[in-house]
Amino acid sequence: MNVSLEGKVAYITGAARGQGRAHALRLAAAGVDIIGMDLCEDIDGIEYPLATQADLDETAAQVEALGRRMYWERGDVRDHEFLEGLAERGRAELGRIDFVIANAGVMPLYGPRSNERGAWTLALDVLLTGVMNTVEATYRHIVEQGDGGSIVLIASMAAEQPMMRTEIGHSMGNLGYAAAKAGVVNMAANYASLLASHRIRVNALCPAGVATPMVENPMVDHFYTNVATPEDCAVLVPAIAIDKVESEDVAGAAFWLCSDDSRYFTGSTMRIDGGAYLR
């Protein structure tokens with residue numbers, strides 16, 4: 001089914017690459033303009049390369065190639081004033097905000113610095129407080145328009161199943177990542193309750209491992225090749241015979257959550273996990 005969302009605008013964090021880019025392109029293909037942001041620099045304590053300005057430029061170019069507009073800025077989801085300003089400036093440029101996809105994230109699970117207490121704090125600051133900052137910066141714009149809307153919070157199967165099987169897999173970053181994602185699921189339910197009277201739906205998406213640079217990088221490869229035990233490797237293994245889900249699979253679910261086909265679907269958690277929950 002070809003669903004058109006012509007004239008709508010989506011606010012997407014972490015839009016430079018991976019899932020964020022996939023969300024932007026899936027929505028743009030249906031007629032949605034994009035307000036996007038990304039940090040576009042590395043963060044101390046994250047032991048793999050983060051997105052770059054070139055990545056964000058490429059997302060914007062691909063959105064524009066689909067005939068849509070993209071207003072973007074560089075910034076940090078930990079900075080609530082930046083996110084609020086981005087919402088104001090993006091809405092002034094593109095006219096409205098209808099959808100929000102709180103996607104930006106980091107994964108300080110493995111590597112020498114993952115067992116520092118700072119890895120716990122960093123995970124919570126970006127993955128939980130950053131999501132709250134995103135929703136707080138945007139939802140009043142949707143309320144003011146009076147047309148309803150959809151907010152999609154990107155959680156993880158780490159919110160649904162344990163990430164640590166042995167002491168080898170134990171780290172402050174792993175604990176922080178899982179705790180933050182569980183908090184995001186709870187946050188979705190609370191915002192859904194708050195905003196239901198405004199016809200604003202809020203849901204959480206819980207993917208298993210997704211084939212993005214956050215997962216496919218030397219930090220993760222080293223852990224699973226040289227450090228992890230077979231028990232550690234059994235974390236979030238899909239029942240369907242795949243290694244990881246693709247960004248486009250998550251973007252397709254988010255697209256449905258933004259469309260009127262999901263108009264009564266709110267306060268829920270949707271798993272995009274290849275059946276990992278079954279294992």
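In this predicted model, Ser259 is found in the loop that runs between helix α7 (247–258) and strand β7 (269–272). With a relative accessible area of 1%, Ser259 is buried, because buried means under 20% relative accessible area.

- A polar atom of the side chain of Ser259 lies 2.9 Å from the backbone oxygen of Trp256.
- When residues up to four places away in sequence are not counted, Ser259 touches Val3, Leu5 and Arg201.
- Helix α7 has 12 residues, and the distance from its first C-alpha to its last is 16 Å, close to the 16 Å expected at 1.5 Å a residue.
- The buried residues of α7 are Ser247, Val250, Ala251, Ala253, Ala254, Phe255, Leu257 and Cys258, and what covers them includes the helix α1 (18–28) together with the strands β4 (99–102), β5 (149–154), β6 (200–207) and β7.

**Helix α3**

- Helix α3 covers residues 80–94, and its 15 residues should span 21 Å at 1.5 Å a residue, which agrees with the 21 Å that separates its end C-alpha atoms.
- At the start of α3, a side-chain oxygen of Asp79 reaches to within 3.2 Å of the backbone nitrogen of Glu81.
- After α3 comes Gly95, whose phi is positive, near 105 degrees.
- Within α3, the residues Phe82, Leu83, Gly85, Leu86, Ala87, Gly90, Arg91 and Leu94 are buried, and among the elements that cover them are the strands β1 (9–13), β2 (33–38) and β3 (70–74) and the helix α4 (117–145).

**Two residues in the loop between β5 and α5**

- Gln161 has its place in the loop between β5 and α5 (172–195), and Thr166 lies in the loop between β5 and α5 as well.
- Gln161 has a relative accessible area of 15% and is therefore buried, given that the cut-off is under 20%.
- Thr166 is in contact with Thr229, Glu231 and Asp232, leaving aside its neighbours within four places in sequence, and a polar contact of 2.7 Å joins the side chain of Thr166 to that of Asp232.
- Between Thr166 and Tyr277 there are 19 Å in space, taken from C-alpha to C-alpha, while in sequence these two residues are 111 residues apart.

**Cysteines**

- A search of the whole structure finds 0 disulfides.
- Cys258 is in no disulfide, because a disulfide needs a pair of cysteine sulfur atoms within 2.5 Å, whereas the nearest cysteine sulfur, that of Cys206, is 16 Å away.
- Cys258 is buried, with a relative accessible area of 2%, whereas Cys233, at 35% relative accessibility, counts as partly exposed.

How values were computed: Residues are numbered from 1 along each chain as its sequence is written. This is a predicted model: local features need pLDDT of at least 70, side-chain atom pairs count only at pLDDT 80 or more; totals for chains, interfaces and linings use all residues. Side-chain values use heavy atoms; hydrogens and water are left out. Helices (H or I, at least four residues) and strands (E, at least two) are DSSP runs, numbered from the N terminus. Buried means under 20% relative accessible area, exposed over 50%, partly exposed in between (1.4 Å probe, protein chains only). A polar contact is a pair of N or O atoms within 3.5 Å; within protein, one must be able to donate a hydrogen and the other to accept it, and residues adjacent in sequence count only if both atoms are side-chain atoms. Contact means heavy atoms within 4.5 Å. The expected span of a helix is 1.5 Å times one less than its number of residues.
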